[in-house]
Amino acid sequence: MTSTSRRAYGVKGAPYAFLVPATVLFLLFFALPIGYAIWLSFRKVRVSGLGLGSGARKEVWAGLENYTDALTDSELLNGALRVLGYGCIVVPVMLGLALLFALMLDSEKVRLAPFTRLAIFLPYAIPGVVAALLWGFLYLPDVSPFYFVLDRLGMPQPDLLDGGPLYLALSNIAVWGGTGFNMIVIYTSLQAIPAEVYEAAKLDGATPLQIALRIKIPMVAPSLVLTFFFSIIATLQVFNEPTTLKPLTNSVSTTWSPLMKVYQDAFGKGDIHAAAAQATIIALATLLLSFGFLRAANRRNKQEAAR
C-alpha cells in the first residue's frame, strides 16, 4: 500500500475512529444491560426440597413463563390502570400550561420576560425526589402551612394523600416540575417563527388572539408533538413521586405503579427474573406506544403537506 493510499484510507476511517468511544459506551451501559435483562427474563430459579444446601437452588430455562405470569398479574395490571389515570391528568394539564406560558412570554407586551422564563423553568432543575419531599410535607396536615391557614379561616382541610385526591397530589408534583421544560421547548419554536409572518397577519387585521390560534399554535405543532412524546414516556415510567410519598401515607402501595412493582419484585422479593420480564414488557409497551404515536403524527404531517 502506497503512502497516498494509506493517507486516503486514514482520512476515510477518521470518522469511524471518533465513533468508537460513543459506541463502546453505548454497548457497555445500554445494549449490554438490556440484553442481560432479556436473558434473565427467560430464566427462573428452581428450588429443590427445602432450598437448603448446595445445589438446592438452580437457575433453569423458563421460556415464556415469566411473561405469562406478568401479563396475568393483577397488581401489575392495576398499577398500569393507575398510571393511565395519572397520565390523563398530568399530560394535558402540563402541556396546556406550557403552551399558555410560552404564548404569554412570546407576547410583545410581556414584561420581565427573562425573569419570568427562569422562574417557570426553575422547578425543572430541582431533582424529582426533592420536589416530591417538598410537596409531600406541604400535603401533611400536621406540618403544612396551608392547613394552618385553612384551620385559622375555619375552612375544610382535605386530605390530599388519601383516596381520589392522591392522583391530584401526585399530578401536581409532575406538572410543577415538568411544565418549565416543555415551555422552553415550545417557546424556542415560537422564537424561530419569522417576524414577517406576524406583520403580514397584523396588516390583514388579525388580533393577537387570532395570531396565537391560527399562526403560532399550528407552526409549533412539531414541538407540541415532541413534548407530548416525552410526557407520555415520563408518565409510563413514573416512580420517584409515589415512592417518595409512600412513607407519608398508606394510600400508596409498594406496587402503585408498574415500575414500583418491578422494584418490589427485584429487591423486595428477590425475584429478578420476574422483574426482568415485567421491565421488558414495560419497555416494549413504551416503544410500541411511542412508535405508533410518532407514525400517526408523521402521517398527519404528510397529509397536511400534500394539501
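What is the helix and strand content of the chain over residues 80-293, and how far apart are the end C-alpha atoms? In this predicted model, that span is 74% helix and 0% strand, and its end C-alpha atoms are 19 Å apart. The UniProt record, an unreviewed entry, lists residues 80-293 as "domain: ABC transmembrane type-1".

**Annotated spans**

- Under "transmembrane region", the unreviewed UniProt entry lists residues 16-39, 83-106, 118-140, 166-187, 219-239 and 272-294.
- Residues 83-106 are 96% helix and 0% strand, with 33 Å between the end C-alpha atoms.
- Residues 118-140 are 70% helix and 0% strand, and here the end C-alpha atoms lie 29 Å apart.

**Nonpolar cores**

- The largest nonpolar core has 21 residues, of which Tyr 86, Ile 173 and Trp 256 touch the most other members.
- Two or more residues of this core come from each of the elements α3 (74-105), α5 (128-139) and α7 (165-191).
- Helix α7 gives the largest share of the core, 6 residues.
- Beyond its neighbours within four places in sequence, Tyr 86 is in contact with Tyr 167, Leu 170, Ser 171, Ala 174, Thr 235, Val 238 and Trp 256.
- Another core, of 17 residues, lies apart from the largest one; among its members are Ala 102, Leu 105, Ile 186 and Tyr 198.

**Surface patch**

- A nonpolar patch on the surface is formed by Val 20, Val 24, Leu 25, Leu 28, Phe 29 and Leu 32, which together have about 590 Å² of accessible area.
- Leu 25, one of the residues in this patch, is placed in helix α1 (residues 3-41).

**Salt bridges**

- Side chains of opposite charge can pair when their charged atoms come close.
- The model has a count of 5 salt bridges.
- Asp 73 and Lys 261 form a salt bridge in which the closest N and O atoms are 2.8 Å apart.
- This pair links distant parts of the chain, 188 residues apart: Asp 73 is in the loop between α2 (65-71) and α3, whereas Lys 261 is in helix α12 (residues 258-268).
- Both Asp 73 and Lys 261 are buried.
- A salt bridge also joins the side chains of Lys 216 and Asp 106, at 2.9 Å from N to O.
- Lys 216 and Asp 106 are both buried.
- Lys 261 also meets Asp 265 in a salt bridge, with 2.6 Å from N to O.
- Lys 261 and Asp 265 are 4 residues apart in helix α12, about one turn of the helix.
- Lys 261 counts as buried because its relative accessible area is 2%, under the 20% cut-off.
- Asp 265 is likewise buried, at 4% relative accessibility.
- A network of salt bridges links Asp 73, Lys 261, Asp 265 and Lys 269.

**Individual residues**

- Ala 266 is also placed in helix α12, and this residue counts as buried because its relative accessible area is 15%, under the 20% cut-off.
- Leaving out neighbours within four places in sequence, the contacts of Ala 266 are Asp 271, Ile 272 and Ala 275.
- Ala 266 and Pro 194 are 72 residues apart in sequence, and their C-alpha atoms are 53 Å apart in space.
- Val 225 lies in helix α10 (residues 221-236) and is partly exposed, at 24% relative accessibility.
- Not counting residues up to four places away in sequence, Val 225 touches Phe 293 and Ala 297.
- From Val 225 to Ser 253 the separation is 28 residues in sequence and 33 Å in space, C-alpha to C-alpha.
- Pro 114 is found in helix α4 (residues 113-121) and counts as exposed because its relative accessible area is 54%, over the 50% cut-off.
- Pro 114 and Gly 154 are separated by 40 residues in sequence and by 40 Å in space, C-alpha to C-alpha.

Notes
Residues are numbered from 1 along each chain as its sequence is written. This is a predicted model: local features need pLDDT of at least 70, side-chain atom pairs count only at pLDDT 80 or more; totals for chains, interfaces and linings use all residues. Side-chain values use heavy atoms; hydrogens and water are left out. UniProt positions are given in the numbering used here, feature names are shortened, and annotations may be inferred rather than shown by experiment. A nonpolar core is a set of buried Ala, Val, Leu, Ile, Met, Phe, Trp, Tyr and Cys residues joined through side-chain atoms within 4.5 Å. Buried means under 20% relative accessible area, exposed over 50%, partly exposed in between (1.4 Å probe, protein chains only). Contact means heavy atoms within 4.5 Å. Patches are made of residues with over 30% relative accessible area and no salt bridge: like charges are joined within 9 Å, nonpolar side chains (Val, Leu, Ile, Met, Phe, Trp, Tyr) within 5 Å. Accessible areas come from the Shrake-Rupley method with a 1.4 Å probe; for residues, only the protein chains shown count as cover. A salt bridge is a side-chain nitrogen of Lys or Arg within 4 Å of a carboxyl oxygen of Asp or Glu.
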